[in-house]
Amino acid sequence: MVTRRLFLSGLGAAGLATAAAAQSEPVPILDVDLRGSIDASAHGIRPGAGDRKSKAFTKLLKEAAGKNMPVFLPPGDYTVSNVTLPDNTRITGVAGATRILYGGDGHLFAADGLARVELANLVIDGANRWLDDTVEGLVHLSNVAQVTIENCEIQGSSKTAVSLQRCGGRIERNRLSGAADYALYAVESHDLSVTGNHVFDCGNGGILIHRWQKGRDGTIVSGNRIARMAATRGGTGEYGNGINIFRADDVMVTNNHLSGCAFSAIRANAGSNVQISGNTCLDSGETAIYSEFGFEGAIVNGNLIDGAANGILIVNFNEGGRLATVTGNVVRNLKLEGPYVHDGAGFGFGIAVEADTVVSGNTIENAPKWGLALGWGPFMRGLVVSGNLVRKSPVGCAVTVVEEAGSALISGNIFEDTPNGAIAGYRWNERTTGDLATEGATYAHLTIERNRTG
């Protein structure tokens with residue numbers, strides 16, 4: 001009879017024999033990890049060894065894409081260049097430790113006409129090396145339906161960090177820095193989201209949402225931190241903006257933190273149905289928030305502006321700029337000097353609007369020229385200005401009294417510490433009236449009532 005003790009001892013011996021046999025056999029190198037990724041190191045793609053791995057890397061990406069699998073790059077430095085990404089590219093690494101270095105002599109990553117590209121947990125360093133004319137950025141993607149770039153650090157581009165043309169998808173939780181031009185240039189996008197990124201120290205701008213032809217775009221730009229945007233190309237506002245919308249309609253710019261932009265924190269040019277809400281804009285070199293030129297429909301509400309040449313401008317009715325609400329913003333600590341010589345109204349005013357706009361519930365303090373600026377020459381129509389607080393400005397509200405100017409209602413505002421008048425009429429930059437808040441308005445296009453001065 002086999003006893004329990006003998007049975008257990010037999011199992012132990014069998015287990016030892018199995019373990020010994022396993023130790024005597026070589027352990028196979030697996031090229032697929034537990035997450036279903038292909039380990040690049042198992043295919044000869046290892047850190048170091050200069051730029052000789054570019055062709056092998058491209059081949060591996062094609063093989064992995066064909067199997068619908070991601071490629072995993074272990075920590076280390078990988079020098080590659082001229083990599084054309086195949087459809088279904090998915091590259092991932094260890095955040096902050098997997099570094100892809102541009103080898104020069106062309107481009108780094110480029111793709112065109114794909115369904116999907118995903119880059120995650122990578123450091124991508126352009127080392128400020130030359131990029132050829134076929135690409136606009138270190139990562140250059142065209143006509144890619146779904147782009148995902150997340151938790152990457154993309155730095156040192158001699159052009160733009162990420163350039164997207166006719167793409168959709170997500171650019172999320174990245175650090176984009178040190179680009180000679182822009183951090184992100186997205187043109188003709190569709191349903192793109194740009195969220196939670198840290199963008200800093202770029203030569204000519206941060207996040208640009210543009211279109212070649214004016215039309216629906218629908219990009220969401222939210223929760224980004226943007227700092228220190230220069231304007232190395234100069235100009236009067238084309239460059240040096242934290243977030244720049246151009247010809248793109250239906251864009252949302254919400255809850256971003258922007259500081260130290262050479263021109264505007266947020267500039268929307270010819271973008272209709274744009275929402276600019278809940279942003280913090282600090283130390284802008286020119287106008288902190290702009291909605292200008294050929295637009296219809298803008299909501300600018302709940303923003304905080306501290307430090308700029310001008311606060312908020314909703315202007316260019318002569319070019320079709322109209323229809324907005326400006327509500328619940330705080331604008332303070334402005335200055336008379338800007339980054340260029342202005343041939344119009346100049347600098348130093350809090351909120352300026354021109355046509356078909358409601359301005360309500362805003363607080364303006366320390367505007368060194370005008371707290372509010374209503375119209376410009378004959379370009380004013382349909383303004384409702386009520387319930388605002390203006391403090392510490394030489395003139396609380398400047399309103400145009402030029403012939404052919406349209407109507408404005410200025411009602412129920414509080415003007416405090418405005419030594420040169422609460423409300424004054426202007427012909428362009430020339431003051432032509434006394435204080436209309438106390439003397440009464442004799443202009444048929446103006447209704448001025450129930451304002452409090454002190």
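Me: Is Arg233 buried, partly exposed or exposed?
Reply: This is a predicted model, in which local features need pLDDT of at least 70, side-chain atom pairs count only at pLDDT 80 or more, and totals for chains, interfaces and linings use all residues. Residues are numbered from 1 along each chain as its sequence is written, and side-chain values use heavy atoms, with hydrogens and water left out. Buried means under 20% relative accessible area, exposed means over 50%, and partly exposed lies in between, for a 1.4 Å probe and protein chains only. Because its relative accessibility is 45%, Arg233 counts as partly exposed.

Me: With which residue does the side chain of Arg233 meet in a salt bridge, and which parts does the pair tie together?
Reply: A salt bridge here is a side-chain nitrogen of Lys or Arg within 4 Å of a carboxyl oxygen of Asp or Glu. Arg233 lies in the loop between β19 (225-229) and β20 (241-249), while its partner lies in the loop between β13 (175-177) and β14 (182-187), so the pair ties together parts that are 52 residues apart in sequence; strands are DSSP runs of E of at least two residues, numbered from the N terminus. The N to O distance is 2.7 Å, and the partner is Asp181.

Me: Is Asp181 buried or exposed?
Reply: The relative accessibility of Asp181 is 12%. Asp181 therefore counts as buried.

Me: Which residue forms a salt bridge with Arg332?
Reply: Arg332 counts as partly exposed because its relative accessibility is 31%. The N to O distance in its salt bridge is 2.7 Å, and the partner is Asp306.

Me: How many salt bridges does the structure hold?
Reply: Some of them share partners, and in this way Glu150, Arg170, Glu172 and Arg173 are joined into one network. The number in the structure is 24.

Me: Which residue in the turn between β41 and β42 has a positive phi?
Reply: Strand β41 (residues 423-427) and strand β42 (residues 430-435) pair in the antiparallel sense over three bridges, where pairing requires that DSSP finds at least two bridges between two strands. Arg427 stands opposite Glu430 in β42. The two strands form a hairpin with two residues between them, and the turn residue with a positive phi of about 55° is Trp428.

Notes
Helix = DSSP H or I, 4+ residues; strand = E, 2+ residues; numbered from the N terminus.
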